[in-house]
Amino acid sequence: MTEIQAGPGAAVAAAPVSGDVPAIELDHVVKEYVSHGEVVRAVKGVSLAIAEGEFFSLLGPSGCGKTTSMRMIAGFEDPTQGVVRLHGEDVTSVPPNKRDINMVFQSYALFPHMNVWDNVAFGLKRKKVPDAEIKRRVGEILEVVDLVGREKRRPKEMSGGQQQRVALARALVNRPRALLLDEPLGALDLKLRQAMQIELKRIQREVGITFVYVTHDQSEALTMSDRIAVMNDGLVEQLAEPREIYERPASKFVAGFIGTSNLLSGTVQQITGDTAVLALGASDRILVPADGALAAGASVDLTVRPEKIKIAKDQPEGDLSVVRGTVSEVVYLGTYNSYVVRLGDGAEITVFEQNANDSTITAERGDAVWLSWQPWHSYALR
Amino acid sequence: MKGGLLRGRGLQIYTWLVIAWLVLPIAVMILFGFNDTHGRYNTAWQGFTFKWYGKLFEIGDLTQALVNSLLIAVLTMLIAGVLGSLIGLALGRYRFRGSGAMNLVMFAAISCAEIVMGASLLSLFVTLAVPLGFWTILISHVMFSISFVAVTVRARVMTLDSSLEEAARDLGAGPWTTFRLVTLPMIFPGVLAGSMLAFALSIDDFVITNFNSGGTMTFPLWIWGATRVGLPPQVNVMGTLIFAAGVLIAVANALLARRRANA
């Protein structure tokens, strides 16, 4: 089991403990399709190792290859190149019904002509489990997903949330060594989705099974995952813990896809100690931690999260990144205010300000304001 | 308001006219099965009787023709039902080399004029020196009804969520078990509808059968031959019974569908 530690020391991605065989491994996997005579590369070489008991998310926009990657783990797609291993065993050419993993489908794929009980018992019957044990295990799992008393219902007589739980029970009752979930909460409304996120996490802790979760919803991935692989255009852009991915995005794509980011760029003017100074204007400056790779004259792309920025009418003091601009948009969002500030060079910066005091806002549309943030909140992108 | 009322009344009259148009010939057929006719022609009402139901099988040739027709229709239903379903499954599920051509052939077989199909089948059988009779009728009936089954099943397969089969595979079912437990029950309404269509097409086919029957007599062929000398009331009775069986099946199907919807 990998545990996330909620502290600054947990920034390093928890790779599978060496010596332990990873539960699931993709080894330089490529998937190509031929569509209308053209070769489409859906997955362009993905390698990743998922540890036993881990809650692992494949996150990315539609068409990034995350679902194809998952379907190769399940056995529904054959990789064009590369190897899929389950617990160290090469299963690349093993059909899905011979793989000891189960999947929860995006559409749930419940058998409409069977009731809840028969749906859930389907896998156990295929494995010739004795009737008494089927009865016991199906009963147990229906208790876990809170569906006792609905055994005789047909799927279409149930709500989306209930169908979702039947799909989960149908997979979990087989006690698979890993569970694959393909955007399982996509069809639910927001409230139910949030409740199911917590529920899924609880079930995963209870059964202790490896979960591989495919989603395009970054907040879902951040909430539940031990580790996340952010995918884009058939490749893994970053593989790390949620905190690491949010605080230290590996690329422009990751910074833009996860949460709201302000992307800025500039030229290093000078290096002072461990800080690089990017000049933007007479009194504007951006401070970036210099990690040795930065030298004077180098151009830098950097990202700053909106909630790290302070907005003020007066010039702030201290060793801060400081920029000036004009407020072009103010949105009241309940727990916080969102400002869009236009800088002198036309770039726009989004700032979130906690609604800690009362409903008064710091600046109105058209006001000239100062934005400031700590140097370590500027994160240079490679 | 008044115009609306008028339109409503007009629509009502029109609806009843259409229903009458459809039902009247059937009603006449049923009615003349009860006609106490004494002459050769069963066209004028001469009083009510049940006697034709008692003497239903007294015309030996007619009975043999009906038996032939029923046997051919049932065999056609089974053979075309199975083969057509497999074609429909393949066309609805997969894109393969030749699937476009296959679709075209299916469509051609449905839209082809019967007289053309009957004549070309005859010349085929003659060229291959196949003796005409029961088997050539069966072959031709399977041939023209198979595309109707395939098209019906294909439509059903195309509405099927393919992840259902993947889910079955995922839960440990092999390809055959998946087909038996998931695919077949899901497409069964289509298979049933297609097979019934094949039965219906077969039992009343005249044109193609006439070309390929040789000496074998079917129900429609016998009636056609008899019209010149006058139709016996037994024909009306048999028609009534076939019609009643069809109505019964339709009603049972509707009731079953309703119960399934409520279950």
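This is a predicted model, and for chain A the pLDDT averages 86, with 92% of the residues scoring at least 70. Where pLDDT is low, the predicted coordinates should not be read in detail.

The UniProt record, in an unreviewed entry, places the feature "domain: ABC transporter" at residues 24-258 of chain A. In the model, 36% of this span is helix and 28% is strand, while its end C-alpha atoms lie 25 Å apart.

Within chain A, six strands form an open sheet with mixed pairing, and their order across the sheet is β6-β7-β8-β3-β9-β10. The edges are taken by β6 (101-104) and β10 (235-240) of chain A, and because each of these has a single partner strand, one side of each is left without a neighbour in the sheet. Averaged over the sheet, and with direction ignored, neighbouring strands are turned by 20° against each other.

Strand β6(A) runs parallel to β7 (residues 178-182) of chain A, and four bridges join the two; V104(A), for instance, has L181(A) in β7(A) as its bridge partner.

In chain B, the domain assignment gives domain 1 (2-34) and domain 2 (59-231). The centres of these two domains of chain B, taken over C-alpha atoms, are separated by 33 Å.

Definitions and conventions. Residues are numbered from 1 along each chain as its sequence is written. Chains are lettered from A and ligands numbered from 1 in the order in which they are written. This is a predicted model: local features need pLDDT of at least 70, side-chain atom pairs count only at pLDDT 80 or more; totals for chains, interfaces and linings use all residues. Two strands pair if DSSP finds at least two bridges between them. Axes are lines fitted to C-alpha atoms, for helices over the stretch in contact, and angles run from 0 to 180 degrees between N-to-C directions. pLDDT is the predictor's confidence in each residue, from 0 to 100. Domain bounds come from an automatic or database domain assignment. UniProt positions are given in the numbering used here, feature names are shortened, and annotations may be inferred rather than shown by experiment.
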